[in-house]
Amino acid sequence: MTVLELLQSTTVYFSKRQIENPRLNIEHLLADALGKKRIELYLEFDREIHWDFFGRPFKTDRRALIPRPETELLVETLLQEISPGEASGSRLADVGTGSGVLAITFALERSGLKVVGLDISDEALTLARENATRLGACIAFFHSDLLDGVDGTFNWVVANLPYIATGDLPGLPKEVKFDPKIALDGGEDGLTIVERLIESLPGKLSSNSLVALEVGQGQAQRVAGFFARQSFRDITIKKDYQGIERILTARYG
């Protein structure tokens, strides 16, 4: 997202919430965040905005989903399960890596962890590699439909897959529509891709492995059912900061 796109989308967002002088307010806020004078923004409309995630700046653009704050809870939840001792030599797959924020964060937070980033979008993988190089993270990125394109088994799997129903896409807020459709469209009921991932996991997991997923509002109980049908155990659901059941973890083997 560029400076101009962020100004435009946030102006619309502020206007809908009846914030006074919406354009002026976002200009002041963005100028302060970038360490610029407000007038200087007009000279940098094409500048790409970097997105802070887990304390690190990531490049974000139209090639992949812009990280959401609630996704940091997904990282926190899984990091609590991966002790530094367990990380060394174990394998983690980030399925649907997008801009690479999850894969890169885990690689940097847990040294010794062998991280693989997977995505079906070549454009997203290019962006993820750019972020990994800039932040100094050693990750193997592969073009893959879920876990189909990678060999071996994993101790940890994390995924923030598309979970919006196809029919709901036209009604999304304007600011969300900057994200590529492939990163949003979860099929007819929103859970087509998530269910397919869970069905494919048993043959890709090591003994006592852990899977952590982010899901949409009202989806957690159904996803827990998907896990149960595949004989996962210790299925847990965690609410985000708005009280929405957002994060699921489950063990296998």
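Leaving aside neighbours within four places in sequence, F106 is in contact with V75, L78, L79, L92, L113 and V158, contact meaning heavy atoms within 4.5 Å. The structure is a predicted model, in which local features need pLDDT of at least 70 and side-chain atom pairs count only at pLDDT 80 or more, whereas totals for chains, interfaces and linings use all residues. Residues are numbered from 1 along each chain as its sequence is written, and side-chain values use heavy atoms, with hydrogens and water left out.

F106 belongs to the largest nonpolar core, which has 29 residues; L78, L92, L102, F106 and I139 touch the most other members. Such a core is a set of buried Ala, Val, Leu, Ile, Met, Phe, Trp, Tyr and Cys residues joined through side-chain atoms within 4.5 Å. Buried denotes under 20% relative accessible area, exposed over 50%, and partly exposed the range in between, with a 1.4 Å probe and protein chains only. Two or more residues of this core come from each of α3 (71-79), α5, α6, β6 and β7; helix α5 provides the largest share, 6 residues. Helices (H or I, at least four residues) and strands (E, at least two) are DSSP runs numbered from the N terminus. Apart from this core lies another, of 28 residues, among them V150, V157, L205 and V223.

The sheet comes next. Seven strands form an open sheet with mixed pairing, in the order β5-β4-β3-β6-β7-β9-β8; two strands pair if DSSP finds at least two bridges between them. The edge strands, β5 (140-143) and β8 (233-239), each pair on one side only. Strands β3 (residues 91-95) and β6 (residues 154-159) run parallel and are joined by 4 bridges, with D94 standing opposite V158 in β6. Helix α5 (residues 101-109) packs on the sheet, touching β3, β4 (114-119) and β6, and its direction makes about 160° with that of β3. Axes are lines fitted to C-alpha atoms, for helices over the stretch in contact, and angles run from 0 to 180 degrees between N-to-C directions. Helix α6 (residues 122-135) lies across β4 and β5, running at about 175° to β5.

In helix α8 (residues 220-229), the buried residues are A220, V223, A224, F226 and F227. Viewed down the axis of α8, they fall within an arc of 155°, so they line one face of the helix; the arc is that of the directions from the helix axis to the C-beta atoms. These buried residues pack against α7 (192-200), β7 (205-214), β8 and β9 (245-252). The face turned away from the buried side carries the exposed residues Q221 and R229.
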